[in-house]
Amino acid sequence: TKNKYLLTVQVGFNDQMDLNINNSIIAHQNLSFDKNVKVYNNGVFNFNHNNCYFQGTTVIGNGTNTLFSDIDGGLRLNTDYSVGACSPVVDAGNDALGVGSVDYFGNPRYYNTIDIGAYEAQTSCKNLAKESAGKQEITLSIYPNPTQGKLFVNTSVQNPNIIITDMLGRKLISTQEKEINIHHLPKGMYLVYVLDNEKEIGVQKVVKE
């Protein structure tokens, strides 16, 4: 079977290519790929990516605030490839690198911080958490963010299940405590999932300094 790549670049002999990708998703919802980027490089190739999302665990080049995942469904995209509100790409872009004032659908491009990708979610997980459960409003906030070691989960759910994973989806912590010590985790980005029984009420990206 021929190898499959999400992005293929070929640089000819004695040529030089500079490729800069910002606020972009290099991924596919359904197919699996051997590598996200393949370079046939006979010349000079400089690859810079900022605030992007790549399917897979590694990518070549120089990256800043780039997310990686090889977990099926990790992008949380809708069927039309627009961004689900609790996708890790929501509010993960860089406003300074944004282009235009509207997204691919014509919606406002800047809802909070710009999203990674061509679509801008017009709500957030925090807003989704404020939904009616009978007569009780569910509220959720996770702070401080960034944190140097302590996280507090403030929610109206009495006994939430809280799961912390790395950006590859690997479970690191599972608890019902609303005060969580993450001093032992390396610096980086993590996802905090909050569930009421088995129902997910919110997920938030947290930075450990």
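## Exposure of an aromatic pair

Tyr104 counts as exposed, since its relative accessibility is 61%; the classes are buried under 20% relative accessible area, exposed over 50% and partly exposed in between, with a 1.4 Å probe and protein chains only. Phe105, with a relative accessible area of 45%, is partly exposed. The model is predicted: local features need pLDDT of at least 70 and side-chain atom pairs count only at pLDDT 80 or more, whereas totals for chains, interfaces and linings use all residues. Residues are numbered from 1 along each chain as its sequence is written, and side-chain values use heavy atoms, with hydrogens and water left out.

## Aromatic contacts

Rings of Phe, Tyr and Trp (its six-membered ring) pair if their centres lie within 6.5 Å; planes under 30 degrees apart count as stacked, over 60 as edge-to-face and the rest as tilted. The count by this rule is six aromatic pairs. In one of them, Phe47 and Phe54, the ring centres are 6.4 Å apart and the planes stand at 90°, so the pair is edge-to-face. Both Phe47 and Phe54 are buried. Tyr104 and Phe105 also have ring centres 6.4 Å apart, but their planes are at 50°, so this pair is tilted.

One aromatic cluster is formed by Phe45, Phe47 and Phe54. Lys38 lies over the face of Tyr40, 5.4 Å from the ring centre; a charge sits over a ring if NZ of Lys or CZ of Arg is within 6 Å of the ring centre and within 35 degrees of the ring normal.

## The parallel sheet

Strands (E, at least two residues) and helices (H or I, at least four) are DSSP runs numbered from the N terminus, and two strands pair if DSSP finds at least two bridges between them. An open sheet of three strands has the order 2-5-7, with parallel pairing. Strand 2 (16-22) and strand 7 (62-64) stand at the edges with a single partner strand each, so one side of each has no neighbour in the sheet. From one strand to the next, the twist averages 10°, where axes are lines fitted to C-alpha atoms, for helices over the stretch in contact, and angles run from 0 to 180 degrees between N-to-C directions.

Seven bridges pair strand 2 with strand 5 (residues 44-50) in the parallel sense. Phe47 in strand 5 stands opposite Leu19.

## The antiparallel hairpin

Strand 13 (residues 161-166) and strand 14 (residues 171-175) run antiparallel and are joined by four bridges. Ile163 stands opposite Ser174 in strand 14. The hairpin of strand 13 and strand 14 has four residues between the strands, and in this hairpin Gly169 takes a positive phi near 85°.
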